[in-house]
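Me: I'd like to learn how to read a model like this one, feature by feature. Can you walk me through it?

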There are 2 protein chains.
Amino acid sequence: MSDLLERLRGRGWRLTSQRRVVAEVLDGDHVHLTADEVHARAVRRLPEISRATVYNALGELVALGEVVEVTTDGRAKRYDPNAHHPHQHLVCSGCGLIRDVHPDGDPLAVLPAAQRFGFAVAGADITYRGLCPDCA
Amino acid sequence: MSDLLERLRGRGWRLTSQRRVVAEVLDGDHVHLTADEVHARAVRRLPEISRATVYNALGELVALGEVVEVTTDGRAKRYDPNAHHPHQHLVCSGCGLIRDVHPDGDPLAVLPAAQRFGFAVAGADITYRGLCPDCA
DNA sequence: ATCTTGACTTGGACTGGGTCCATCGTAGGA
DNA sequence: TCCTACGATGGACCCAGTCCAAGTCAAGAT
């Protein structure tokens, strides 16, 4: 965490109390919060922080590659701080629970050249869907 | 297409001109329109059709398994009539172009039991990302 | 061919998620 | 400690989608 703040400062990020709080809220590798959830938690530490500031900070963290956006449904985007370990997501169709998962092999390997249509394919986002133990 | 309308009628779908037009607009296997795009095209054939009706019809087609919803970004959902041939999507990060693709093997096979956390995993949605020939 | 009725359509209000912007505040270099 | 450009604020605004009360009509019954 403090190394995150260090990295950001090293990249010229001006370190404000608001940005610090947003980064702290996202601390922990297995969190998948919406922007509003991040805002709600940030407000507990810094009551005046605005929604716009949370959106700005999240957008910057994504642009800097420190956080990844996850869209598992058509609803609110979720922000995943586990950005330095490539992974995929397993989502419960019942309750929406999200787990980070690591499938075997390279996801791009299964897409043959003939199926790439001349694209320079750079990555793959996989969402596995099913029922979690509690919902089954 | 007419077989689609037949299938729907067989399932008790009341066949209105609005529903017929929505189904016709979605005809073709490689179309990925947003609800508003479907509405815009439907209006050309049936000027009074309302947005709410298009949303209703699309929702019903999805519930009946005739169309699948595709969410490749956090923006508007897209509706894909190619529902009877399982496939994945390849999306251009530049212009948003979407192609249906067929990766090798079963996408679920690469998720080992130890990575399933007790979930009853039922499916996987894969979005391959890269630049299309025009954008590269 | 007409009637009847419950399913369908309409459009306008409303909601949730997100962005924009003019103004104010402040981190951090000089 | 002072300056100033970068960041924060909150309220207006936008887009995608849902809801609802009232009107319409497909299709089975007569």
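Me: Which helix does A:Arg20 lie in?

Reply: Keep in mind that this is a predicted model. A:Arg20 belongs to helix α2 of chain A, which covers residues 17-25.

Me: What is A:Arg20 in contact with, once neighbours within four places in sequence are left aside?

Reply: That would be A:Leu5 and A:Leu15. As for A:Ala114, 94 residues away in sequence from A:Arg20, the C-alpha to C-alpha distance is 47 Å.

Me: OK, zooming out: how is chain A divided into domains?

Reply: Domain 1 takes in 2-80 and domain 2 takes in 88-130. Their C-alpha centres are 24 Å apart.

Me: How much area do domain 1 and domain 2 of chain A bury between them?

Reply: Interface size is often quoted as the accessible area lost when the parts come together. For domain 1 and domain 2 of chain A that's about 520 Å², with 54% of it on carbon and sulfur atoms. On the domain 1 side, A:His32, A:Val70 and A:Thr72 supply 72% of the area buried against domain 2, more than any other three residues.

Me: And what kinds of residues does domain 1 of chain A put on the side that touches domain 2?

Reply: One nonpolar, three polar and three charged. Between the two domains there are zero salt bridges, but three residue pairs are in polar contact, both residues at pLDDT 80 or more.

Technical notes. Residues numbered from 1 in each chain as written. Chains lettered and ligands numbered in written order. Predicted model: local features only at pLDDT ≥ 70, side-chain atom pairs only at ≥ 80, totals over all residues. Heavy atoms only, no water. Domains from an automatic or database assignment. Buried area = accessible area lost by both parts, 1.4 Å probe. Salt bridge = Lys/Arg side-chain N within 4 Å of Asp/Glu carboxyl O. Polar contact = N/O pair within 3.5 Å; in protein donor to acceptor, adjacent residues only side chain to side chain. Nonpolar A, V, L, I, M, F, W, Y, C, P; charged D, E, K, R; others polar. Helix = DSSP H or I, 4+ residues; strand = E, 2+ residues; numbered from the N terminus. Contact = heavy atoms within 4.5 Å.
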